[in-house]
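Here's a quick briefing to read with the model open. Have a look at the loops and the pocket.

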Amino acid sequence: MKNFCISIIALLLISCKATQYRTVSIDASKEDVWKVVSRLGDIHNYSALDSASLTPLGEAKVGSIVFVTQGKNYGKSEVTVVEPLKTIKTKLIETSWPANYWNESWHLYEDGEYTGLKYVIDFQGKGLANLGFPFLKAYNGSDMKKTVNNIKKHIESM
């Protein structure tokens with residue numbers, strides 16, 4: 001019992017970290033994929049998020065702010081890197097979720113005749129949330145897969 005309690009305390013103090021990614025090949029040009037991915041304010045149309053917004057509106061730019069909600073929780077991130085037709089990276093500024101950080105990135109790449117899309121989330125839990133970290137990681141991976149597949153379906157049906 002003593003070892004169990006020590007393990008729980010250590011887990012809460014150290015925090016759990018993970019980097020997850022999902023990829024998909026899309027039968028479209030990089031330009032068509034970029035038009036969708038770079039509009040981070042529309043990401044809720046493809047994910048489990050309830051809402052999303054990008055300030056200023058339109059295509060992501062360095063310094064843009066992404067605000068997302070899911071239920072009563074929210075996250076606010078800043079776009080830190082934009083390499084047109086290649087990469088967008090965000091860094092968490094503020095959240096109501098129990099996370100020390102939650103940084104996301106989108107990468108486009110050549111994949112034969114297709115455009116490859118790689119979605120990456122790097123995150124670290126905080127406090128008691130670490131007790132449910134394996135469940136968060138599983139849910140997150142599942143949602144990421146749905147997100148990239150929904151983006152693929154949307155673009156290929158345009």
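Leu85 comes out as partly exposed because its relative accessibility is 28%, which falls between buried (under 20% relative accessible area) and exposed (over 50%), using a 1.4 Å probe and protein chains only. This is a predicted model, where local features need pLDDT of at least 70, side-chain atom pairs count only at pLDDT 80 or more, and totals for chains, interfaces and linings use all residues. Residues are numbered from 1 along each chain as its sequence is written, and side-chain values use heavy atoms, with hydrogens and water left out.

- Leu85 isn't a glycine, yet its phi is positive, at about 65°.
- You'll find Leu85 in the loop between β4 (73-83) and β5 (87-95); strands are DSSP E runs of at least two residues and helices are H or I runs of at least four, numbered from the N terminus.
- The Thr55 to Pro56 peptide bond is cis, with omega near -5°.
- Pro56 sits in the loop between β2 (51-55) and β3 (65-70).

**The largest pocket**
- A pocket here is an open set of points on a 1 Å grid over the protein atoms alone, where a 1.4 Å probe fits and protein lies on both sides within 12 Å along at least five of seven lines; lining residues have an atom within 4 Å of a point.
- The largest one has a volume of about 660 Å³, meaning the space filled by probe spheres set on the points, with points joined across faces, edges and corners.
- Its lining has 30 residues, and Leu49, Val68, Trp97, Trp102 and Glu104 are the closest to its centre.
- α3 gives the most to that lining, with six residues.
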